[in-house]
Amino acid sequence: MQIKFVLLTALLSLGVVSHSALASGTHAGGHHDSDDAIGVPGEVAKVTRTIAVKMTDNMRFTPERISVSRGETIRFTVTNAGKLKHELVLGTKKALDEHYEVMTKFPEMEHADENMVSLAPAQTGEIVWQFTTPGKIHFACLHPGHYDAGMIGQVMVTAQKIARQKASAARITSTE
Ligand SMILES: [Cu+2]
């Protein structure tokens with residue numbers, strides 16, 4: 001939350017986001033971009049699933065689309081399989097767009113928060129995140145050029161609880 005504030009201050013001072021745009025934004029839709037729109041940092045003890053995500057120099061995440069149930073705490077094990085630096089940042093499309101503008105102006109800007117992991121080539125890191133609000137969330141690499149090249153994925157947070165997903169296991173057994 002504090003980092004968001006710092007970022008917002010930076011955006012304001014850069015003139016990326018105008019005060020009037022912010023002011024009008026607060027009137028739209030009643031509950032404006034609340035802090036838990038994308039969820040909250042998760043507790044390791046409550047992890048329900050681990051999802052491995054790979055990042056490559058062709059500016060893609062694998063998988064690109066992830067489905068979770070509301071309330072689930074996911075451990076994302078993120079691997080940089082490329083030769084460039086990559087990162088995975090969870091956010092609303094709007095927040096990612098704004099963050100990317102700052103990153104483009106200051107490519108070497110160090111940024112760190114619980115909703116992201118920045119990785120050097122061949123490194124693996126993790127994010128533990130609890131999804132609390134149904135809807136579509138994005139994750140992206142905000143390194144200059146990468147986001148523009150389509151280095152973005154999405155997490156669909158479904159409203160109902162799914163007990164277990166055995167669909168992929170069933171598919172494997174049925175291929176014979
Ligand atoms: Cu990247």
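Author: Gladly. In this predicted model, strand β6 (residues 86-91) is joined to β7 by four bridges, and the two run antiparallel. One example is Val89, whose bridge partner in β7 is Met116.

Reader: What makes β6 and β7 a pair?

Author: Pairing takes at least two bridges between two strands. Here there are four, so β6 and β7 pair.

Reader: Which order do the strands of the sheet take, and why are β4 and β7 said to stand at the edges?

Author: The sheet is open, with five strands in the order β4-β10-β9-β6-β7 and mixed pairing. β4 (65-69) and β7 (116-119) each have a single partner strand, so one side of each lacks a neighbour in the sheet. On average, neighbouring strands here are turned by 20° against each other, direction ignored.

Reader: Now to Tyr147, in the loop between β9 and β10 (152-158). Why is Tyr147 called buried?

Author: The cut-off for buried is 20 or more other C-beta atoms within 10 Å. Tyr147 has 21 such neighbours, so Tyr147 counts as buried.

Reader: Which residues is Tyr147 in contact with, leaving aside neighbours within four places in sequence?

Author: Those are Tyr100, Ala140, Cys141, Leu142 and Ile152. Tyr100 is 47 residues away from Tyr147 along the chain, yet their C-alpha atoms are separated by 7.6 Å.

Terms used: Residues numbered from 1 in each chain as written. Predicted model: local features only at pLDDT ≥ 70, side-chain atom pairs only at ≥ 80, totals over all residues. Axes fitted to C-alpha atoms, helices over the stretch in contact; angles between N-to-C directions. Buried ≥ 20, exposed ≤ 12 C-beta atoms within 10 Å, placed from the backbone. Contact = placed C-beta atoms within 7 Å.
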